[in-house]
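Me: I would like to go through the charged pairs of a protein model. Please show it first.

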Amino acid sequence: MNLKRLVNRQVVNNLSRFNGRVRTRRDFSTITASIHSSNSSCDGVVPYNFSNSTPILSFNRYMHTIGETKLIGSGFNPKHNANDIEEDETMNEFLSRFVWIMRGKLTEVYKDCDKQTINNMLLVIVGKVVSEMEKGGLDQMLDVAVATLSQEFSRDLWKTVFEVSNAVLADMEKEKKKEKMKGFLQCEEVQELCRFAAEIGIRGDMMREFRFKWAREKMEESDFYEGLKRLREEVRAQEKAEEEGKNAVVMGEEAAAMGEEKPKVVTLPKRHGKINYKIYGLDLSNPKWAKVADRIHESEKLVWPEEPKPISGKCKIVTEKILALKEEDDPSPLLAEWAELQKPSRIDWLTLLDKLKEQNTRLYPKVEEVLLSEKSFQANIRDYSKIIDAHAKQNRIEDAERIVEKMNENGIQPDALTTNILVHMYSKAGSLDRATEALESLRRLGFRPDREIYNSMIMVYVNAGQPKLAESLTREMEARDIKPTMEIYMTLLRSFSQHGDVGGAGRIATTMQFAGFQPNLESCTLLVETFGQVGDPDQARNNFDYLMRLGHKPDDRCTAGMIAAYEKKNMLDKALKLLLELEKDGFEPGLATDSVLVDWLGKLQLVDEVEQLLGRIAGQGEAPPLKIQVSLCDMYARAGFEKKALQALGVVEAKKEQLGMHDFERVVGGLIAGGFVQEARRVHGLMEAQGFASENLKISLTASQAFSRKRPSK
């Protein structure tokens, strides 16, 4: 044991640094008063042997502070009473702790001795230790072995004295750090960070962990700058000492030359009398103070974070096995063995999880889920929310719901953060009912949805085919001064366009302009397509012309939408006129425009013109889309081109999964009209297999069988 660090440096230098003054030998006399009150003298006490004593007790539960010191003696000067109390405060605390532990050790070893005998033993021990420190023999005592010290005490007794002193000094240093930590916990910067964390929804244990983390970082920063300041002061003091030394040498030489005598050293007078030592005037021998100390020790755990236990021996081997597990392995047996060996607390489990997260990321959620049932892990709501979030990011909805059920079974209700995660998860999965239920739960908790929540819910409404509900959420966002993005408006406009809702599309377009988003090619094209679907070519043409006035050139898709609008009213002349005007401006029809023209001309039975368009499509290197194949099957069947009709029908049947209700009706209707009754029945069977049903087609098939006519052919 390094006793030089214990007494020579820690007791004298460090303790005096706490008060900012150098201690004198009078400080060590304070301890005798606390014991002398029980018995003023003791003789004939033999050296005690502590070889059979129990190990040193942890001093965490013994916390005392000197509240009152009283000087008794004729040589006492009352003018120095306040200063003496201030200077003796740190030393008295050290001596108080030392006496308390030694009293407990003596009482535990000598159970048959009464209180007076224990006090006499303490008086001998402390008196000898203090006398060694006063007479300056402590340095020699520290430089030699324990066996060569004063023979009045045994080797074990000296060893116990040194161990108790080390424990007292370590605990005083720890108390100093705790007090310093309390100050940083209340500093303005940490409070500001805590307020910000509370605003974004952090609560409970996570808030406490962040608060201690920020305070510890602030304390480390302060210690760093204090160290720099101390180094600077030491350098300045050293330079000043060197300069004073040089001046002293010069002055000494001058004094020697002048034959002057050296000045006498003036010292402060010794203080006479004894100190009456009290601890707030209380008799701490009462057992109730031990319970008070236990409660204080428990409360300190919240102020000073616990440190993880070191991992060694067999436990280290088990730790390496856990880190080397594969994703399909069961970690429960190894975790149980690790817990039995380590006897871990929550901080030990968190340390293991941090290592696992660095070295085996895939196994991390599985191990953390197992630990939710571990009592020593002390799982809180943040542990559950982390696992739910990990499953949600991987789209593992069943696993996330299993954790929520386990959470409810353990009596922990989901908070705003957990519910927020569930809303995003269900929205991403397209589960409208569960996402809506999670959103309502979030509102019942008093949490106001943010932009991300609104965006997720709008997308799930749009994907479910309910754009009006999504539009109501945008109105709610605007009422709360949350501006929807351009992408949200375009998503709603696209949804209304697909459903042919002219009113909804118009409202979204107007809202976009009021929100500061100017119409672009995409938005105008969607409006043209919407009016084209409802058969309003005039409004479609107005939006088409407005697009050109804004300086945008219509692309192939926009032109196809305009041609489709004319198709609804069979305005072929206006459509051809529009195409001629666009071709003068350099526009070349693409696949979308050609597909609309093929469909329109096919309905008019203009076979030659359709085949010319097919040749142009083939010349562009494009394969005819399924929509063209449906149009060709209908046209060739009605025109009586059996071979081409069956060829187009084969292509359509090969892609039956992509056909909609309207496509099936058109193909079956064309086959019936052309006399291909057998093929029509086969395609009707495919239609019903896909889940589509049409009473009109059934009636048409029945009538075609009853009044079958000869298939025309060309």
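Some questions and answers on salt bridges follow.

Reply: This is a predicted model, where local features need pLDDT of at least 70, side-chain atom pairs count only at pLDDT 80 or more, and totals for chains, interfaces and linings use all residues. Residues are numbered from 1 along each chain as its sequence is written, and side-chain values use heavy atoms, with hydrogens and water left out.

Me: How many salt bridges does the structure hold?

Reply: Side chains of opposite charge can pair when their charged atoms come close. A salt bridge here is a side-chain nitrogen of Lys or Arg within 4 Å of a carboxyl oxygen of Asp or Glu. By that rule the number of salt bridges is 36.

Me: Is Asp 594 buried or exposed?

Reply: Asp 594 forms a salt bridge with Arg 616, their closest N and O atoms being 2.5 Å apart. Buried means under 20% relative accessible area, exposed over 50%, and partly exposed in between (1.4 Å probe, protein chains only). Arg 616, at 34%, is partly exposed. Asp 594 has 0% relative accessibility, so Asp 594 counts as buried.

Me: Which residue forms a salt bridge with Glu 401?

Reply: Glu 401 touches Tyr 426 and Arg 434, not counting residues up to four places away in sequence; contact means heavy atoms within 4.5 Å. The partner, at 2.2 Å from N to O, is Arg 434.
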